[in-house]
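Hello,

I am handing over the structure below. My notes on what was found in it follow.

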Amino acid sequence: MEEMAITTLGKKQILFGCESVYQLFNAIILRMTVCAENDCDIILSNITTWQKDMLQRLEEAKVFRKVFCPDTHSLEYDFWSLATEEKKKVYRNPVLFFHNDPPVEPVYDELFFSIDHLFWKMIYYYHIVSNKEPIINMYDEGVRAYTMELFNTENKFYSKEAYSQSFPSAIKRYYLWQPALYAVPKYTYELLPIHLPEEDNSVKETLLQVFGYEKLPEEECIYLEDFFFADHYITNDFSLFRQVAEIVGRDNIIVKRHPRDQYDRFTANGYKTVANSVVPWEIQLLANDMNDKFLVSVSSTSILTPYMIFNYPIHVISLENMFFGDNPTHGDKAYNNFISSLKNKVNEKEIHIHAPHNADELLETIRYIRLKQHLGFTEEKGETIHE
């Protein structure tokens, strides 16, 4: 990836919008780096159920001047319940969308959003109708950030030509962990990198203060469950998991269940699972050594996080080539281009993202990873390997 210099944006009034813990993780980093000299507030959408103690720690850390927690879910639900003509009317009058009680004042020079959802667009248009013209900075929210075509965001029947200064036209910068992997062919904004400062530990310390600390499991293999079971897709993902568990051994594998999974099929079948945690996966990677572990999943984006954020040379196994069933991401051209580019980058000098095609290749892949980890461990300890 081509390195770009990070510069502060000057003394401005800036508002961040967040819908997930991962977005908050990135917002804190951006606030403390590129926005370090600005006055910054944040809105936390209740699409995520935020932990009360985490919110308290966020307030105590004084990362943001003000933290707003409006009921964004209800506001959007009310809008979608409207008749066609009412939608048009409300879209053109943001104060009506907010039921005459906007969560913030229209005072911001710049807005940082991760997604083009309705609530954030209404925040922007509330500024526009108040004769304020903020610029929009988008920032990383996961794989979708690299494949989302933002220029299509105003093509709905109620939003077409609603404003001369549209939401997509106001987007000037897009902050990503890996700008070189951006897979959207058509865009007009500048792509800029997010960085964790190497010589300044204050950002890392703040992240740990806000989110807490938790050790990774002791098991060498961490299996990251996908969304298939939680979203009622019929697949062979559990059969694939069993194949992995049989090779590595039940004592050596633990499952990190998908957040939406309401039924624990792993514990019911005698497998170990990671206890429910409020500590984000990204924080666990930030705070722990992963040298003696490897990750397995069908296509969970969590197996990509070590490379996306930390350039961490961990071995991961994607079971996508052994998978049968519906996977909606497979039909997305931009997604496939992104994944292909990422794999090529990570595997340029040595294979770290493995994608076996059958049970025999899976067995050989796990043997290879274990050998590499053993060699690395013994070399670090100064031991001699004998064939």
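Two strands count as paired if DSSP finds at least two bridges between them. Helices (H or I, at least four residues) and strands (E, at least two) are DSSP runs, numbered from the N terminus. The model is a predicted one: local features need pLDDT of at least 70, side-chain atom pairs count only at pLDDT 80 or more, and totals for chains, interfaces and linings use all residues. Residues are numbered from 1 along each chain as its sequence is written, and side-chain values use heavy atoms, with hydrogens and water left out.

The seven-stranded sheet

Seven strands make an open sheet with parallel pairing, in the order β3-β2-β1-β4-β5-β6-β7. At its edges are β3 (67-68) and β7 (190-193), each of which pairs on one side only. Strand β6 (residues 171-176) is joined to β7 by four bridges, in the parallel sense. Opposite R173 stands E190 in β7. Helix α1 (residues 21-32) packs on this sheet, where it touches β1 (13-18), β2 (39-44), β4 (110-113), β5 (135-139) and β6, and its direction makes about 160 degrees with that of β1. Contact here means heavy atoms within 4.5 Å. Axes are lines fitted to C-alpha atoms, for helices over the stretch in contact, and angles run from 0 to 180 degrees between N-to-C directions.

The five-stranded sheet

Another open sheet has five strands in the order β9-β8-β10-β11-β12, with parallel pairing. β9 and β12 (353-354) are at the edges with a single partner strand each, so one side of each has no neighbour in the sheet. Strand β8 (residues 221-224) and strand β9 (residues 253-256) run parallel and are joined by four bridges, and Y223 is opposite V255 in β9. Strand β10 (residues 294-297) pairs with strand β11 (residues 315-318) over four bridges, in the parallel sense; V296 has I317 in β11 as its bridge partner.

Together, β8, helix α8 (residues 237-248) and β9 form a right-handed β-α-β unit. Right-handed means that, with the strands pointing away from the viewer, the path from the first strand over the helix to the second runs clockwise. α8 lies across β8, β9 and β10 and runs at about 150 degrees to β9.

A helix pair

Helix α2 (residues 52-61) packs with α7 at an angle of about 145 degrees, their axes being 7 Å apart. On the α2 side M54, R57, L58, E60 and A61 take part, and they meet T206, Q209, V210 and F211 in α7.

Grid points are joined across faces, edges and corners, and a volume is the space filled by probe spheres set on the points.

The second largest pocket has a volume of about 530 Å³. It is lined by 20 residues, of which H195, L196, P197, E198 and I309 are the closest to its centre. α7 (202-211) and α10 (305-310) each supply at least two lining residues, and α10 gives the most, with three.

There is one cavity of 30 Å³ or more. The largest cavity has a volume of about 90 Å³, and helix α11 (residues 333-346) gives the most to its lining, with three residues.

Regards

Definitions and conventions. On a 1 Å grid over the protein atoms alone, a cavity is a set of points where a 1.4 Å probe fits but cannot get out, and a pocket is an open set with protein on both sides within 12 Å along at least five of seven lines; lining residues have an atom within 4 Å of a point.
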